[in-house]
Amino acid sequence: GDSDGLALSTRNEKLPPTLKNIFQELSNDLQLRRTNGDLSGWAAQGVLLLNTCLTTEIGSSKAHRDMGWEIFTNAVVERVSFMIPSVVFMLWGKDAQTKESFIDAKRHLVIKTTHPSPLSASRGFNGSRPFSQANEFLRRKGREPIDWSK
């Protein structure tokens, strides 16, 4: 009942706990306050929101693990790394960090933290400042920074 098709994004009035943690870090990092969980504004600027598995069963977040989604999402990450210059990859959590081997770290910025879920955010996500790091990298590479308030 939360998802709207973009990873972590929701059009529900009540934000899921993981998205609340992301918005808290955004506030701490860039002093931006967001209460709207619709992340389509990020996607419109080129932010690809991608989970390692693209489907699941209600109430079981990893029910479709090892059913083939990882092959597809590995290929997406590898293709983005190869085709697009100066990308920021934010690998939040152990599952996401399995994608690191598909990224050319010489050309791109890789930011790794724990997942922003309530179970792990305090062990590395909180205080990681991923949004300012991403924008600083993009500016250095002559690219437009992301307007995270959209």
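Student: Which residues make the nonpolar surface patch of about 330 Å²?
Tutor: In this predicted model, Phe82, Met83 and Ile84 make that patch. A patch takes residues with over 30% relative accessible area and no salt bridge, and nonpolar side chains are joined within 5 Å; a salt bridge is a side-chain nitrogen of Lys or Arg within 4 Å of a carboxyl oxygen of Asp or Glu. Areas come from the Shrake-Rupley method with a 1.4 Å probe.

Student: Where is Ile84 found?
Tutor: Ile84 lies in the loop between α3 (69-83) and β1. Helices (H or I, at least four residues) and strands (E, at least two) are DSSP runs.

Student: Why does Ile84 count as partly exposed?
Tutor: Because its relative accessibility is 36%; buried means under 20%, exposed over 50%, and partly exposed in between.

Student: On to the strands. In which sense do β1 and β2 pair?
Tutor: Strand β1 (residues 88-92) pairs with β2 in the parallel sense over 5 bridges; pairing requires at least two DSSP bridges. Lys112 in β2 is the bridge partner of Leu91.

Student: How many residues has the largest nonpolar core?
Tutor: That core has 21 residues, and Ile22, Phe23, Trp42, Phe131 and Trp148 have the most contacts inside it. A core joins buried Ala, Val, Leu, Ile, Met, Phe, Trp, Tyr and Cys residues through side-chain atoms within 4.5 Å.

Key: Residues numbered from 1 in each chain as written. Predicted model: local features only at pLDDT ≥ 70, side-chain atom pairs only at ≥ 80, totals over all residues. Heavy atoms only, no water. Patch = residues over 30% accessible without salt bridge, like charges linked within 9 Å, V, L, I, M, F, W, Y side chains within 5 Å. Buried < 20%, exposed > 50% of the residue type's maximum accessible area, 1.4 Å probe, protein only.
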